[in-house]
Amino acid sequence: MDIVPEITRQSITNLVKNDKREDGRELTEYRDISIETNVISKAEGSARVKLGGTQVIVGIKPQLGSPFPDTPDLGVLMTNCEMLPMADPTFEPGPPSDDSIELARVVDRGIRESELVELDKLCVEEGKHVWMLFIDLHIIDNCGNLFDACELAVMAALKSTKLPVATIVDEEVVLSEDETFDLPINNELALCTFVKIGDKMIIDPTLSEERVANARLNVGVTKDGHICSMQKGGKEPLTKDDVLYCVNTAIEKVKDLIEYL
Amino acid sequence: MMSEMIREDGRKFDELRPIKIEAGVLERADGSAYLEVGGNKILVAVYGPRESYIRRLLEPNTGVIRCRYNMAPFSVDDRKRPGPDRRSSEISKITADALRPALMLENYPRSMIDIYIEVIEAEGGTRCAGITAASVALVDAGVPMKDIVVGCAAGKVNDEIVLDLSEVEDKEGQADVPIAMMPRTGEITLLQSDGDLTEEEFAKAIDLAMEGCRQVSELQKEALMKKYSTE
């Protein structure tokens, strides 16, 4: 289903060779971004992000559960991504595809490795009850670069998340009906995704650019300029210079992205 | 005697919840629609008619319609596990059945139309809202149709027959009668009923639901006019 016409491949490759793109952007320019939070009143945290034509919705639902035995005093994060068949004619319903699992895991890695959610504050009773945050990503329109859109959405949703206050009464957890607290967050991050076309790395690829490209690099950077996650994808290799260039560009670009949050 | 009754959310017995419909909200899909009714938020995308790539579904002399109704895990109070369950499978099936009569599928042999209904947030009456939105998305996709199918429910709450049940009314109420119809001919394309109703009450509920459908139908047309009128 995913066949790129040769003429599209040539035209996109030629444009990039001359530092141009099909939609007139610079090689390091993002499409328009808009972020709305609290779009789902039944979810404790939520956001809807538009990145050009790409649209994702994320909802965060907490549940009380048992901690993992090796981290009895830490809350749990779980990220799941549904590439809805509505988003793209080639997406199929059913169990998550490899692409969808990779997407969820890359987005999750950024949040997890930057340690921006203070998981120790999500412990209600050590070894027994902790908050588990289910982060559910819904891809509703795929016009390329789902990675960055999803990470922005998750970050915005986490910032808007409010949990009910939980106390232990007679060894049972009691949830307050009206008292909530903001999810404790101590940092911010964004993901920058590049693809390689010809010998150039371009940021925020559109769908056709993604299809033409043979290599991809995601770079997750926190507000203080630290790299917290990276992932290389695609069948072709990248050079060391490519990677260094991407990291350098990402650190600059993330400052702009975080402004939107 | 019941016309003065005020419901829990302040509505009159024959009053719909506020509705917002928008056509053409997604880029990739051939047709799409967004609908809000009360606390429900529903997105629908339509693909096709396109060549059926699923062999076993292919019909040599007519097109087929596939429908997938899906609730987001965050759409309800307690997180719903992702993926189809028995309820959504049933709703998917009856939604396809509700829309099929309006489509001229015989003109599209060997092809299929896919309808994806995503409940982003649920607050009672999602199946009817899904059908209403799906019809708008089908028009947006340019699929030839005989009529724009519309859905609406009536039910029984505190022994009164009321229109368009909210989530609370659905849970605490005594009966729920969702219907879908083709407003031009008045033909009913979906009908379910659960709960306890007398024959009279049922007749009343049907009339009320059909009246609700006609009101929603006007809003569907308005949304399409807004998108497609050339001013």
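In what order do the elements of chain B run from the N terminus on? The answer is β-β-β-β-α-β-α-β-β-α-β-β-β-α, with helices (H or I, at least four residues) and strands (E, at least two) taken as DSSP runs and numbered from the N terminus. This is a predicted model, where local features need pLDDT of at least 70, side-chain atom pairs count only at pLDDT 80 or more, and totals for chains, interfaces and linings use all residues. Residues are numbered from 1 along each chain as its sequence is written, while chains are lettered from A and ligands numbered from 1 in the order in which they are written.

**Overall build of chain B**
- Chain B has four helices and 10 strands.
- Its radius of gyration (over C-alpha atoms) is 17 Å, close to the 17 Å from the globule rule for 231 residues, so chain B is as compact as a globular protein of that length; the rule is 2.2 Å times the number of residues to the power 0.38.
- The C-alpha trace of chain B spans about 55 × 45 × 35 Å along its principal axes.

**The five-stranded sheet**
- Five strands of chain B make an open sheet with mixed pairing, ordered E1-E2-E3-E5-E4; two strands pair if DSSP finds at least two bridges between them.
- Strands E1 (19-23) and E4 (64-71) of chain B sit at the edges with a single partner strand each, so one side of each has no neighbour in the sheet.
- Strand E2 (residues 31-37) of chain B pairs with E3(B) in the antiparallel sense over seven bridges, and B:Gly31 has B:Val46 in E3(B) as its bridge partner.

**Helix against helix**
- The axes of H1(B) and helix H2 (residues 126-140) of chain B come within 10 Å and cross at roughly 45°; axes are lines fitted to C-alpha atoms, for helices over the stretch in contact, and angles run from 0 to 180 degrees between N-to-C directions.
- The contact residues are B:Ile91, B:Thr95, B:Ala98 and B:Leu99 of H1(B), plus B:Arg127, B:Gly130, B:Ile131, B:Ala134 and B:Ser135 of H2(B); residues are in contact if their C-beta atoms, placed from the backbone, lie within 7 Å.

**Where chain B meets chain A**
- Here 22 residues of chain B are in contact with 27 residues of chain A.
- Strand E3 (40-51) and strand E5 (111-121) of chain B are the elements giving two or more residues to that side of chain B.
- E5(B) supplies the largest share, five residues.

Definitions and conventions. Contact = placed C-beta atoms within 7 Å.
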